[in-house]
Amino acid sequence: MKKLILFLAAVLLTVGCTPSKQCVEKEIIAVDGVPAAVGPYSQAVKIGNMLYLSGQLGIDPATGQFPEGGFIEQARQSLENGKTIIEGAGFTLEDVVQCQVFVKDLEQYGSFNSLYTEYFKTDYPAR
């Protein structure tokens, strides 16, 4: 069976810096409960009050495998992985201002949008 892959990236922005206070501190974010990075990259990087989240595959951190069942289960796991990192960095999904979503099979896009609205309820991020 062909694997359907979902890739999610989010950029977060919160308040806190002012023009007179420059935010330049860089913090590498690595949280438990999600798959470790499989290459030379970080799960996320926090710069001041912004969080840059690396893409998340729908891999179950408990098994290291894609969940059984297909696209929706993999998409849900991808969103859960991203949410875990976001929350581990001290943010919430309400802080997300932009998402990049890559769906291999565009016929699944409607199903993904339905799932997406379980995570982002109002004031949707740019996509």
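These are my notebook entries on one predicted protein model.

**Entry 1. Overall make-up**

I started with the chain as a whole. I count two helices and five strands in its secondary structure. Read from the N terminus, the order is β-β-β-β-α-β-α. The chain has 127 residues, and 35% of them are buried. I looked up the accessible surface next. It comes to about 7,600 Å² for the protein chain, and carbon and sulfur atoms hold 53% of that. I then checked how far along the sequence the contacts reach. Taking contacts between residues at least 6 apart in sequence, I find that 65% join residues at least 24 apart.

**Entry 2. Confidence**

I wanted to know which parts to read with care. The mean pLDDT of the chain is 85. Of its residues, 81% reach 70 or more. Which element has the lowest mean pLDDT, and which the highest? Strand β1, residues 6-13, is lowest with 44. Helix α1 is highest with 96. Residues 1-15 have pLDDT below 50. I note that this stretch still has 72 contacts in the model beyond near neighbours in sequence.

**Entry 3. The nonpolar core**

I looked for the largest nonpolar core and found 23 residues in it. The members that touch the most other members are I29, L51, I85, I86, F112 and F120. Helix α1 supplies the largest share, five residues. I set a general point beside this: in soluble globular proteins, nonpolar side chains tend to be buried together.

**Entry 4. β3 and β4**

I moved to the strand pair. In which sense do β3 and β4 pair? They pair in the antiparallel sense, over four bridges. The hairpin has two residues between the strands. In this hairpin G48 takes a positive phi near 60 degrees. I then compared the faces of β4. L51 and L53 form its covered face, while M50 and Y52 form the uncovered one.

**Entry 5. Q43**

Q43 lies in the loop between β2 (26-29) and β3 (44-47). Is Q43 buried or exposed? Its relative accessibility is 8%, below the 20% cut-off, so Q43 counts as buried.

I asked what its polar side-chain atoms face. The backbone nitrogen of V31 lies 2.6 Å from one polar atom of the Q43 side chain. The backbone oxygen of P35 is 3.5 Å from a polar atom of that side chain. Leaving out residues up to four places away in sequence, I list the residues Q43 touches. Among them are I29, A30, V31, V34, P35 and A36. The list also includes Y52, L53, S54, Q56 and I85.

**Entry 6. Q56**

Q56 is one of the residues Q43 touches, and I looked it up next. Q56 sits in the loop between β4 and α1. Q56 has a relative accessible area of 7%, under the 20% limit, and is therefore buried. I traced the side chain of Q56 to the backbone oxygen of S54, which it reaches at 3.1 Å.

**Entry 7. G82**

G82 belongs to helix α1. At 1% relative accessibility, G82 is buried.

I finished with two exposed residues. A30 is in the loop between β2 and β3. A30 is exposed, with a relative accessible area of 65%. A30 and A89 are 59 residues apart in sequence, and their C-alpha atoms are 8.4 Å apart.

D123 lies in the segment after α2 (109-119). Its relative accessible area is 76%, over the 50% cut-off, so D123 is exposed. I noted its backbone as well. D123 is not a glycine, yet it has a positive phi of about 45 degrees.

Note on methods:
Residues numbered from 1 in each chain as written. Predicted model: local features only at pLDDT ≥ 70, side-chain atom pairs only at ≥ 80, totals over all residues. Heavy atoms only, no water. Buried < 20%, exposed > 50% of the residue type's maximum accessible area, 1.4 Å probe, protein only. Polar contact = N/O pair within 3.5 Å; in protein donor to acceptor, adjacent residues only side chain to side chain. Contact = heavy atoms within 4.5 Å. Areas by Shrake-Rupley, 256 points an atom, 1.4 Å probe, with all protein chains shown as cover. Core = buried A, V, L, I, M, F, W, Y, C linked by side-chain atoms within 4.5 Å. Pairing = 2+ DSSP bridges. pLDDT = per-residue confidence, 0-100.
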